[in-house]
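Please look through the structure below slowly, first as a whole and then residue by residue. The paragraphs that follow are meant to be read with the model open beside them.

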Amino acid sequence: MRQTERVTWTRRDVLVGAAALVVAPRARPRAQPRPRPRAAAEGAVPTDPFPWGVASGDPDATSVVVWTRVSPPAGSEGAVVLTWELAADERFEERTASGDVEVTAADGYTAHVVAPVDGARWYRFRLGEAVSPAGRCAPLPTGEVHTWKIATASCQHYETGYYASYRDLVEWGPDAVVFLGDFIYEGAARPVGGEVLRSHDGPEPVDLDGYRGRYAQYLSDPQLQAARAACPWFVIWDDHEVENNYAGLVPQDPAESAAFPARRAAAYQAWWEHTPTRIARPAEGTPTILSRHVGVGDLVDLLLLDGRQFRDDQACGDVALSFDPPCPEVADPARTMLGAEQEAWLANRFAAASARWTVLGQQTVLTDITLPDSGVVLNYDQWDGYPAARQRLLEAASATERLVVLTGDIHLAGVGRLPGVGVEFVTTSISSTGNIDPAATDAVRPLLPAIVDIELAHRGYTRHTITPDRWTAEYRAVDDVAAADSPVSTWRTFTIDPDTRDAVAAG
Ligand code: FE
Ligand code: CA
């Protein structure tokens, strides 16, 4: 299916194809001063204190984090006590565990309860007479695991699409969702028109109130809420939870450098508040450790990475679509994507991995998509801009039996080869704009020999069915991201050949 003969491409072909591999436009309106956020609870007792739904996440063999955010009643004075309940049945007749949890203004009135999940499949919260929607939860399987079904998703820009993918995901019924980043986008509201189908609320967030407001808006979407309630999620962040293409403490715009540490801290806090995660609450002056290991019996060692907080700044000015050879900075062996500590942690995890599949959940494309011969780097934000760090990762990964890398960020569906090591499945965006020209797919495919296949024109998500002998990745594509009730269908299904470790199209 893939073209292997040499093809002569004009500079224009290359530009058209390569343009499709660079998302995240650089030019944005600058942040405006923020008006005060709307207070959700000033004055009135909310009729629905749970307007952002419920979620569960980071399960292990015996417990799961159950989450909600409450709209506090008037006069709450900074703290509200909720009751949480887990049950074996949807009607909560067979209750397995319950308790009280105090949520506070300091954490945006969000609850993160580590609840015993033995025997439970449902959870909910109560505030007085009010009852939250019920969500589904489950422990991670242990021992001999025959099947684990996960969905990967990323990049759900609220303005540029509806979340039909999530309806389809809920219908599939995965055991877990692995969300790979760009849960929110930080851009200021744009008027409806063109690709903007619904507007962000307010200007670009730069402080905690601003980011909290942005999460509240995203979580008001019923299809996203339903997906968060459908099964446990494993969530990592990418750049837009803070700001496009930030690197460590380097903001996109150098003029913002002085204010950026406080801005990033506010963004991490708001992310933590709104994510059903077990990771520690961000604390001032210390790194927030996002990376973690998820052991799924003898089937999967899932390693979740943070490719934003500790990385060096993008090389060569992070220029997009330059066809100059890369500047010498790119090749500097000291450059890091993960930071020294996370890199050492990962190498140890690779060495200790004993499950059938070692799986990375991470942000940016790992497959080498530099242009053959010229070495041109199409996108300095991806691992192509950190080649020595990538080489170190791949060498450490060669200790594992079979590596599968799960990636988001770039708003296209792709399957890449990591020679001698494994396969990368890049999930397309839930709704964020990518390339919409179907011809771009054909233009870009022959440029990149490490790509097994690629599809640029559709939004969607990916279904992974993992068994000891077979990994099946089914790429789902939304017909029309402008329609909340759009049909969703399969673009293509890939499996991993157990002998060659290569991905092959299965339909
Ligand atoms: Fe994105
Ligand atoms: Ca991104």
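**From the whole fold to single residues**

In this protein, residues 24 or more positions apart account for 70% of the contacts with a separation of 6 or more, where a contact means heavy atoms within 4.5 Å. This is a predicted model, in which local features need a pLDDT of at least 70 and side-chain atom pairs count only at pLDDT 80 or more, while totals for chains, interfaces and linings use all residues. Residues are numbered from 1 along each chain as its sequence is written, chains are lettered from A and ligands numbered from 1 in the order in which they are written, and side-chain values use heavy atoms, with hydrogens and water left out.

The secondary structure comes to eight helices and 22 strands, where helices (H or I, at least four residues) and strands (E, at least two) are DSSP runs numbered from the N terminus. The radius of gyration is 22 Å, close to the 23 Å that the globule rule gives for 507 residues, so the protein is as compact as a globular protein of that length; the radius is taken over C-alpha atoms, and the rule is 2.2 Å times the number of residues to the power 0.38. Taken along the principal axes, the box that the C-alpha atoms fill is roughly 70 × 55 × 45 Å.

How much of the protein counts as buried? Of the 507 residues, 58% do, with buried meaning under 20% relative accessible area, exposed over 50%, and partly exposed in between (1.4 Å probe, protein chains only). The accessible surface comes to about 19,400 Å², and 53% of this surface belongs to carbon and sulfur atoms; such areas come from the Shrake-Rupley method with a 1.4 Å probe, and for residues only the protein chains shown count as cover. There are 45 positive and 69 negative side chains, and the centres of the two sets lie 1 Å apart. Here Lys and Arg count as positive and Asp and Glu as negative, whereas His and the chain ends are not counted, and the place of a charge is taken as NZ of Lys, CZ of Arg, CG of Asp or CD of Glu.

Before turning to details, consider confidence. The mean pLDDT, which is the predictor's confidence in each residue from 0 to 100, is 91 for the protein, and 91% of the residues reach 70 or more. Confidence is lowest in helix H1 (residues 11-19), at a mean of 56, and highest in strand S10 (residues 176-179), at 99. Over residues 1-10 the pLDDT stays under 50, and the model has 15 contacts beyond four places in sequence for them. Over residues 24-43 the pLDDT is also below 50, and this stretch has 36 contacts in the model beyond near neighbours in sequence. Where pLDDT is low, the predicted coordinates should not be read in detail.

Arg69 belongs to strand S2 (residues 63-69) and is buried, with a relative accessible area of 11%. Beyond neighbours within four places in sequence, Arg69 is in contact with residues including Trp52, Tyr109, Arg212 and His274. Gln269, in helix H5 (residues 260-273), is likewise buried, at a relative accessible area of 8%, and among the residues that Gln269 touches, apart from those up to four places away, are Ala106, Leu208 and Pro282.

Most residues other than glycine have a negative phi, and most peptide bonds are trans. Asp182, however, has a positive phi, near 65°; this residue lies in the loop between S10 and helix H3 (208-219) and is buried, with a relative accessible area of 1%. Asp373 has a positive phi near 75° and lies in the loop between strand S14 (357-362) and helix H7 (387-397), but Asp373 counts as exposed, at 72% relative accessibility. Gly375 is found in the loop between S14 and H7 as well and counts as partly exposed, at 25%. Leaving out residues up to four places away, Gly375 touches Pro326 and Thr370.

Finally, where is Ile436 placed? Ile436 is in the loop between strand S17 (422-426) and helix H8 (438-444), and is exposed, with a relative accessible area of 66%. Neighbours within four places aside, Ile436 is in contact with Ala457 and Arg459.
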